[in-house]
Amino acid sequence: MTLNENNKYLVTYLVALFTLSLCLWFTSINFQTFNYIVLGFCWSFTIHAPSLRERLELKKYKFSLLRFIFGVDNFLSSISQKFYLKILLRSVPPMIFSGLCFLISLEGVFIASLLGSIYFELIFHRERIIRLIKYRREGL
């Protein structure tokens, strides 16, 4: 059985989300903090989905909220050319959304969505990170 690009994307990152959830479930963190971490992961998961990005280019989605979120993400990623700063800037919108949720519930640590976002970005850019580590190790 062969998987196309969309299915590989879904399987890879849903397995990563399941692994993250399983690891966090057995820790002693607050349930709301757990939700913030998963929110950060799912936000980045949605932003990077290849099929959704193609669909939002259609004219009928011109004024949708999701297209606005994609536009904000593209703007934040274009601010800096540095790889690590770009990852940090892409983590700002889920932190803002988590902050708004925190104002309603006043429970958990809303900055934890940064951890979920960074976890996704580490998996999404794993080949590049491995090359960077290998290059630095060879340079020593």
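Axes here are lines fitted to C-alpha atoms, for helices over the stretch in contact, with angles running from 0 to 180 degrees between N-to-C directions. On the H5 side the contact is made by Leu88, Leu89 and Arg90, and on the H6 side by Val92, Pro93 and Pro94, where contact means heavy atoms within 4.5 Å. Sorted by class, that contact holds 5 nonpolar, no polar and 1 charged residues. Ala, Val, Leu, Ile, Met, Phe, Trp, Tyr, Cys and Pro count as nonpolar, Asp, Glu, Lys and Arg as charged, and the others, Gly among them, as polar.

Now for the overall picture. The chain has 8 helices and 0 strands, where helices (H or I, at least four residues) and strands (E, at least two) are DSSP runs numbered from the N terminus. Its C-alpha atoms fill a box of roughly 45 × 45 × 40 Å along the principal axes. Residues are numbered from 1 along each chain as its sequence is written. As the model is a prediction, local features need pLDDT of at least 70 and side-chain atom pairs count only at pLDDT 80 or more, while totals for chains, interfaces and linings use all residues; side-chain values use heavy atoms, with hydrogens and water left out.

H2 and H4 meet in another way: their axes cross at roughly 95° and come within 11 Å, which makes H2 roughly perpendicular to H4. Here Trp43, Thr46 and Ile47 of H2 meet Ile69, Phe70 and Asp73 of H4, a set of 4 nonpolar, 1 polar and 1 charged residues. Isoleucine 69, placed in H4, touches Trp43 and Ile47, leaving aside residues up to four places away in sequence. Serine 28 lies 41 residues from isoleucine 69 in sequence and 33 Å from it in space, C-alpha to C-alpha.

Trp43 and Ile69 also turn up in the lining of the largest pocket, together with Leu65, Phe68, Val72, Pro93, Ile96, Phe97 and Leu100. Helix H4 (65-79) and H6 are the elements giving two or more residues to this lining, which has 9 nonpolar, no polar and no charged residues. The largest pocket holds about 160 Å³ of space. A pocket is an open set of points on a 1 Å grid over the protein atoms alone, where a 1.4 Å probe fits, with protein on both sides within 12 Å along at least five of seven lines; lining residues have an atom within 4 Å of a point. Grid points are joined across faces, edges and corners, and the volume is the space filled by probe spheres set on them.

Methods. Angles under 35 degrees count as roughly parallel, over 145 as roughly antiparallel, 65 to 115 as roughly perpendicular and the rest as oblique.
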